[in-house]
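Thanks for coming. I will go through one structure today, starting with the ligand and then moving on to the strands.

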Amino acid sequence: MQNLLVDQKRTIYIEEKRSELADLAKEVTQSRYLPKYHIYPESGLMNDPNGLAYFNGQYHVFFQWYPFAPLHGLKHWGHTTSKNLVDWTKQEVALSPVEEYEKNGCYSGNAIEFQDELYLFYTANYKTEAGKIPKQAVAIMDKKGQIKKQAEPVIEGLMEGLSGELRDPYVFERNGQFYMLLGGSEFAGEPTSSFGDRGVLLLYKSDNLLDWSYQGLIDLPFDTGYMLECPSLIQIDGKDVLLLSPMGIASESERFNNRFATIYAVGELDVTNRCFRTEYWDQMDAGFDFYAPQAFLGKNQQPLLYAWFGCGEPEYPVQENWQHGLTFPQQLTIEQGKFKRYPAAEILAVFSKPQRVNGDCIETNSRNYWLEVEAGFNFKVGSADDYWEFVYDAKTKRANLSREHLAKSIDESYGTQRSVFIQNLDKVDVFVDNSFVEVYLNQGEQVFSFRVFQEGSDTICSAYETLSGYLHNT
Ligand code: FRU
């Protein structure tokens, strides 16, 4: 059994595997839990969004993918494209770990356009018996969609005082210069395990995207756990927003209750003095299934984000040959000193048939809908013996989400409730896309992202006051 699992995790996609994948994909289409508007794997396991870009007139979403089983196996980069963030065309596998230097997988990274080509940065995962040797690699995609890997990684080798777990390049341009952020882990004393004791953020600099020089660590004024993964950075209205996925942040009563955390910090990245002047920061998502967000500029330079709709290795009540997916594309804004994210306009446009609703119970007649709740912030979604629940307590200013009463319970080792402080709640948007649920408070001031495995259309019943708002179907 053990060997079977090992083999199951090691398959590399090559042309000869095409029909095997097509068979797997056919089987997946039978699942009752597939979303309509979230990106999900046609087979196998999807995790982080990678290489997000609006390039050559279309959106490119690459993603971490093990195509052959719903496991964290040998990672490839999958690829899909769209003109409108709604209708996606599956592309050939973008990166298969066929080279010696990436023998343990093509890990996460981002993309940047340069001289009419799209540079895809990624971590070439390379294990040895003595631990990992960090390697960061580049593949270049032309306008025809041809992707060519560089012959060798562009950054390679262990760093003094840091563990071999150095990964997830995020490259950006500032004042005519290229920079790269890289996540890592620093040893406090003598190494005792493959990870160090403190999550760190490394800065590199380059003129041509191929030759990189190390600048040092970036000083961060908050807890970074024992390892930082998936750094990302975007400018919104002149402010820098830094996104980080730290492993090992201690849970507080309300925050950081998932296996791994995700945080945002708003302020200014000073690349000369290597520090992030933080004005405010917080956990990014209040739900159960959110990790590794990556920000990028979409059409008309719009700040957007996708995240992995998953976290760690949750145990789902349903075993099928596909796992996880990505969040909705979200537009990022800073409004009155608050960082907000909300589904992109293209996604909202899909839910084009609004209907005024007002009552104790609302029949959605669907598993793909958007409910705008304007009053009655205490409701159950599903059916009498299979529901999730949202409750806002106006006294304590806490919004509470419970998955306790779902018929198919989901990894209760991380609890069944999540709650978050929100000063004045005046709107709740519920997006149900079959098993993918996103709940936005005050248009994205706080967000709960979480999976449910319910069947049949949802009825939404208010617990105390009448529920009113708009139900949008597609
Ligand atoms: C985050 C992560 C990254 C890594 C990738 C591997 O979910 O662990 O750090 O590059 O996933 O799939």
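Which pocket is the space taken by the ligand? It is the largest pocket. On a 1 Å grid over the protein atoms alone, a pocket is an open set of points with protein on both sides within 12 Å along at least five of seven lines, and a molecule sits in one if more than half of its atoms lie within 2 Å of its grid points.

This is a predicted model, where local features need pLDDT of at least 70, side-chain atom pairs count only at pLDDT 80 or more, and totals for chains, interfaces and linings use all residues. Residues are numbered from 1 along each chain as its sequence is written, and side-chain values use heavy atoms, with hydrogens and water left out.

Now the ligand's surroundings. The residues around it include Asn47, Asp48, Gln64, Lys75, Arg167, Glu229 and Trp308; to be near, a residue needs a heavy atom within 4 Å. This shell divides into 5 charged, 3 polar and 3 nonpolar residues. Here Asp, Glu, Lys and Arg count as charged, Ala, Val, Leu, Ile, Met, Phe, Trp, Tyr, Cys and Pro as nonpolar, and the others, Gly among them, as polar.

For asparagine 47 the distance is 3.0 Å, for aspartate 48 it is 2.8 Å, and for glutamate 229 it is 2.8 Å. The ligand alone exposes 320 Å², and the protein buries 91% of that, by the Shrake-Rupley method with a 1.4 Å probe. Two elements, β1 (44-55) and β12 (167-174), each give two or more residues to the shell. Strands are DSSP runs of E, at least two residues, numbered from the N terminus.

Next, the strands. An open sheet of 5 strands has the order β4-β3-β2-β1-β22, with mixed pairing; two strands pair if DSSP finds at least two bridges between them. β4 (89-90) and β22 (322-323) are at the edges with a single partner strand each, so one side of each has no neighbour in the sheet. Within it, β2 and β3 run antiparallel and are joined by 7 bridges, and tryptophan 65 has histidine 76 in β3 as its bridge partner.

Last, two hairpins. β18 and β19 pair antiparallel over 8 bridges, with 4 residues between the strands and a positive phi near 50 degrees at arginine 274. β14 and β15 have 6 residues between them, and leucine 209 in the turn has a positive phi of about 75 degrees.

Methods: Polar contact = N/O pair within 3.5 Å; in protein donor to acceptor, adjacent residues only side chain to side chain. 1 Å grid on protein atoms, 1.4 Å probe; cavity = no way out; pocket = protein on both sides within 12 Å on 5 of 7 lines; lining within 4 Å.
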